[in-house]
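Have the viewer open while you read.

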Amino acid sequence: MIEVENLVKKFGDFTAVNNLSFVVESGQVMGFLGPNGAGKSTTMKMITGFLRPTAGTARIAGIDICEHPMAAQTRLGYLPEGAPAWPDMTPRQFLDFITRIRGFDKAAARQAIVRAVGMTELHGVLDQPIDTLSKGYRRRVGLAQAIVHDPDILVMDEPTDGLDPNQKFQVRQAIEEMAAHKAIIISTHILEEVDAICSHAMIIDRGEIVAEGTPSALAARSRFFGAVSVTLDTAHLADAEQALAGLANTRLEALTRGVETTISVFATTQQRDAAALLAEVQELMSGQSWTVRAVALETGRLDDVFGTLTRKPRPAGGGSAEARS
Amino acid sequence: MNQLWTIIRREFASYFSTPLAFVFIVVFLLANGLATFYLGAWFDMGQADLTSFFMFHPWLYLFFLPAISMRLWAEERRNGSIELLLTLPVPLWAIVFGKYFAALAFSGLALALTFPVWISVNFLGNPDNGVIVASYLGSLMLAGGYLAIGSCLSALTRNQVIAFVISVVACFLFTVSGAPLVLDVFRGWAPQVLINTLASFSLLTHFKAITGGVIDLRDVVFFVTLIGGFLVATMVIVDMKKGEGA
């Protein structure tokens, strides 16, 4: 379990992290979202004991990182931003060094390395200098380093940054495999990743939490939540808009992407049931001569929430004030 | 202790992962030879001793050792691996001393590879080998002093060139603080105590005392204190940077 308590970090006059508190239980994967410079990395550096907080603290499995850094770091695996390693070493030497430092005996080290290498699929490059590895492999070497001692707590700063889609998938799979028995924090600015692997998500901006909850609950804050989206050929946009205009108490919004257009139908009254709206739209569409590619009830869009909450300056009286309460 | 040893081994091995180590050793040996035979006119002296060999060590070290120490911390910062190192469950002293001892071992190796000079002088005459052993020890301690200063200054910056330049300057000041060049500036107006203190900080003075063939406890204490002081200062700087966030 990771407990973060009133964490503050100031660099001179600049407040990078402002009074952050949250808890990540074992079995949870917390997705740390936020624009660049929001304070994600700074928070992680404090949790792992690389930076000293200006105020507040973090507890790793109940151990205060400021008071007993070594005891806490023993329980912790950390993948720093950019997955740094010593470029002159090979992954084998690197992992060997990490296990030695962490006090493994020879047999245990060998076992731990085999396990970590298996999970990160590093077999093919074990004896090449890290310097010569591709970005994807380097990231996986960093990941292997973070999990080699099977820590209870895992902190990863942008674990999939710079990976190709296949590698992203592999890393996510590895994280999912471990998730059940660990408390994990990952930072990312890839929103789909939050949906894919996180049980909880937190959006921070300028060092403060602006929203927090399960990914679906966060997405539900989107203005699209409950709207019905109709996707069709752009050629039929005008026809469709004409047809949809017949619905009472609705407002339309169209977004064109090349040959495809999505029209979102928003209910303008609170009473309107989303399922009923969906049924109405479907009925309306079924009578048309042209084809509709998709009709969907929106569960909300995380990118929309992210944009609303972190856009500068924050929209006055918008979702952010509400979200912070 | 195990962790200290692990760090020393990793650091020491890292010197040899690139051709840099070999280039360094070759150039160091060449420079040493040139200084001894050409500047020191070792053959013309007609004496079976290594005075003209050791007398250039402070000046060679002045440029060679900051080249080793500059990377100790600056490179880790630039590379980002310092974040890895400082979040592993290792006490800071083990990292600082481990890095230092690896650098010292590497310099020691370069120094040890000058052994043909020693063999030659024994072949050509009957030198006082006791003096030579003492001088080698003194030279190693001198190297240790320079490296400790360099380690401390390398921790201040992420730029290796800056680390190199300020280390050369700092080492130079510590070397010449006993020379008339510096002392004359103070002589005549400063109290004798200050001048004596200043002179006693000179690495050169202590080094010369040892290469004279006498290992005086005071000289050893001086070097050990200097090295310990700068390594503790390194720890303080690295720890301070944790608070700053650099």
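This is a predicted model: local features need pLDDT of at least 70, side-chain atom pairs count only at pLDDT 80 or more; totals for chains, interfaces and linings use all residues.

Residues are numbered from 1 along each chain as its sequence is written, with chains lettered from A and ligands numbered from 1 in the order in which they are written.

**Confidence**

For the complex, the predictor reports an ipTM of 0.87 and a pTM of 0.85. Residue by residue, the number to look at is pLDDT, the predictor's confidence in each residue, from 0 to 100. Chain A has a mean pLDDT of 86, with 95% of its residues at 70 or more. Its residues 314-325 fall below 50, and this stretch of chain A has 13 contacts in the model beyond near neighbours in sequence.

Chain B has a mean of 88, and 97% of its residues reach 70 or more. Among the elements of chain B, helix α3 (residues 42-45) has the lowest mean pLDDT, at 70, and helix α8 (residues 92-112) the highest, at 95. Helices here are DSSP runs (H or I, at least four residues), strands are runs of E (at least two), and both are numbered from the N terminus.

Chain A splits into domain 1 (2-219) and domain 2 (228-297); the bounds come from an automatic or database domain assignment. The C-alpha centres of these two domains of chain A are 43 Å apart.

Ala, Val, Leu, Ile, Met, Phe, Trp, Tyr, Cys and Pro count as nonpolar, Asp, Glu, Lys and Arg as charged, and the others, Gly among them, as polar.

**Helix pairs**

Two packed helices are described by the angle between their axes and the distance between the axes. Axes are lines fitted to C-alpha atoms, for helices over the stretch in contact, and angles run from 0 to 180 degrees between N-to-C directions.

| Pair | Angle | Axis distance |
|---|---|---|
| α3(A) and α1(B) (2-15) | roughly 160 degrees | within 9 Å |
| α10(B) (129-154) and α11(B) (160-176) | roughly 140 degrees | within 9 Å |
| α5(B) (57-69) and α10(B) | about 40 degrees | 9 Å |

Between the chains, α3(A) and α1(B) are therefore roughly antiparallel. Angles over 145 degrees count that way, under 35 as roughly parallel, 65 to 115 as roughly perpendicular and the rest as oblique. α3(A) passes α1(B) in a left-handed crossing; left-handed means the near helix is turned anticlockwise from the far one by less than a right angle, right-handed clockwise. Phe97(A), Arg100(A) and Ile101(A) meet Gln3(B), Thr6(B) and Arg10(B), giving 2 nonpolar, 2 polar and 2 charged residues.

Within chain B, α10(B) is oblique to α11(B), and their crossing is right-handed. This contact has 8 nonpolar, 3 polar and no charged residues.

α5(B) and α10(B) are oblique too, also with a right-handed crossing. Their contact includes Tyr61(B) and Leu65(B) of α5(B) and Tyr146(B) and Gly150(B) of α10(B). By class, the contact of α5(B) with α10(B) has 9 nonpolar, 6 polar and no charged residues. Tyr146(B) and Gly150(B) also turn up in the contact of α10(B) with α11(B).

Methods:
Two residues are in contact if their C-beta atoms, placed from the backbone, lie within 7 Å.
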